[in-house]
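Please keep the model open while reading.

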Amino acid sequence: MKEKILDKAAEMFLNLGFKSVTMDDIAIELGISKKTIYQYFTTKNDLVASVTFYVFESINNGISFIREAADNPIEELFQVKKFVGDYLKDEKSSPQFQLKKYYPKIYNRLYHEQLKVIKECLEENIEKGILCKMYRAEIDVGFVSRIYVSGMLGIKDTDLFPIDMYPPSDLNHKFLEYHIRAIATDLGLEVLKEFCNNKQTN
């Protein structure tokens with residue numbers, strides 16, 4: 001039952017936002033009493049924290065699988081982008097912004113965990129790309145990984161990138177292409193071209 005509550009709450013929070021969904025809403029969707037939810041989660045704050053890190057772990061597990069299975073580092077980045085976008089519904093309801101505004105302590109914990117994971121994954125991706133000659137050998141791995149993280153945070157600023165002008169899925173693709181072009185060799189650019197062509201035909 002606890003996992004069912006987490007799954008349903010995660011789905012609703014990601015679709016409608018953390019603030020918008022009440023404990024009553026979740027109980028109704030599950031066909032259970034609110035009291036049953038409180039047997040597992042003492043407050044909504046407790047549920048939000050549990051859901052946040054449940055989703056975080058689920059995404060991390062998916063990314064780990066992709067990293068092991070991907071044929072090359074560029075394919076890995078595109079597959080991770082698609083997986084995270086699909087999982088988070090491209091953040092149509094801006095759940096992270098609601099989390100930051102209404103649950104700042106939970107957001108700050110998540111933020112620092114995310115930064116750590118993203119930086120580690122990206123550094124490994126860059127090192128793999130250098131080894132297979134898709135990324136330039138002279139790259140400063142630490143600098144590039146920090147620039148990428150900074151850019152990922154920057155494109156979430158809807159004042160800078162209004163959603164009506166820059167839909168999240170398109171914006172994420174543009175940013176990823178920008179990142180790869182900055183570090184790719186000629187071989188890497190050829191691989192990138194294939195992915196960009198595939199996006200246009202899909």
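Leaving aside its neighbours within four places in sequence, Arg136 touches Ile130, Ala182, Ile183, Ala184 and Thr185. Keep in mind that this is a predicted model. Arg136 sits in the loop between α7 and α8.

- Arg136 has 31% relative accessibility, so it counts as partly exposed.
- Arg136 and Leu187 are 51 residues apart in sequence. In space, their C-alpha atoms are 10.0 Å apart.
- Lys133 also has its place in the loop between α7 and α8.
- Lys133 follows α7 and has a positive phi, near 65°.
- Lys133 has this positive phi although it is not a glycine.
- Most residues other than glycine have a negative phi.
- Is Lys133 buried or exposed? At 61% relative accessibility, Lys133 counts as exposed.

**Overall fold**

- The protein has 10 helices and zero strands.
- Along the sequence, the pattern reads α-α-α-α-α-α-α-α-α-α.
- The chain has 202 residues, and 41% of them count as buried.
- Taken along the principal axes, the C-alpha atoms fill a box of roughly 60 × 35 × 30 Å.
- Among contacts with a separation of 6 or more, 67% come from residues 24 or more positions apart.

**Helix α7**

- Helix α7 covers residues 104-131, which is 28 residues.
- At 1.5 Å a residue, α7 should span 40 Å. The C-alpha atoms at its ends are 40 Å apart, which agrees.
- Which residues of α7 are buried? They are Ile106, Tyr107, Leu110, Cys121, Leu122, Asn125, Ile126 and Gly129.
- An α-helix has 3.6 residues a turn, so residues three or four places apart point the same way.
- What covers the buried residues of α7? The cover includes α4 (44-69), α5 (73-87), α6 (95-102), α8 (141-154) and α9 (168-183).

**Ile106, a buried residue of α7**

- Ile106 lies in helix α7.
- Ile106 has a relative accessible area of 5%, under the 20% cut-off. It is therefore buried.
- Leaving aside neighbours within four places in sequence, Ile106 is in contact with Asn45, Val48, Ala49, Thr52, Phe53 and Leu99.
- Ile106 and Ser64 are 42 residues apart in sequence. Their C-alpha atoms are 24 Å apart in space.

**Packing of α4 against α5**

- The axes of α4 and α5 come within 10 Å and cross at roughly 155°.
- Why are the two helices called roughly antiparallel? Angles over 145 degrees count as such, so α4 and α5 are roughly antiparallel to each other.
- α4 passes α5 in a right-handed crossing.
- On the α4 side, the contact is made by Val55, Ser58, Ile59, Gly62, Ile63, Ile66 and Arg67.
- On the α5 side, it is made by Glu76, Gln79, Val80, Phe83, Val84 and Tyr87.
- The residues of the contact of α4 with α5 divide into eight nonpolar, three polar and two charged.

**Packing of α5 against α9**

- α5 and α9 pack at an angle of about 160°, with their axes 11 Å apart.
- α5 and α9 are therefore roughly antiparallel to each other.
- The crossing of α5 past α9 is right-handed.
- α5 contributes Ile74, Leu77, Phe78 and Lys81 to the contact.
- α9 contributes Asn172, His173, Leu176, His179 and Ile180.
- The residues of the contact of α5 with α9 divide into five nonpolar, three polar and one charged.

**Helix α9**

- α9 has 16 residues. From its first C-alpha to its last, α9 reaches 23 Å.
- That is close to the 22 Å expected at 1.5 Å a residue.
- The buried residues of α9 are Leu171, His173, Phe175, Leu176, His179, Ile180 and Ile183.
- His173, Leu176, His179 and Ile180 are buried, and they also belong to the contact with α5.
- Ile183 is buried in α9, and Ile183 is one of the residues in contact with Arg136.

How values were computed. Residues numbered from 1 in each chain as written. Predicted model: local features only at pLDDT ≥ 70, side-chain atom pairs only at ≥ 80, totals over all residues. Heavy atoms only, no water. Helix = DSSP H or I, 4+ residues; strand = E, 2+ residues; numbered from the N terminus. Expected span 1.5 Å × (residues − 1). Buried < 20%, exposed > 50% of the residue type's maximum accessible area, 1.4 Å probe, protein only. Contact = heavy atoms within 4.5 Å. Axes fitted to C-alpha atoms, helices over the stretch in contact; angles between N-to-C directions. Parallel < 35°, antiparallel > 145°, perpendicular 65-115°, else oblique. Left-handed = near helix turned anticlockwise from the far one by under 90°. Nonpolar A, V, L, I, M, F, W, Y, C, P; charged D, E, K, R; others polar.
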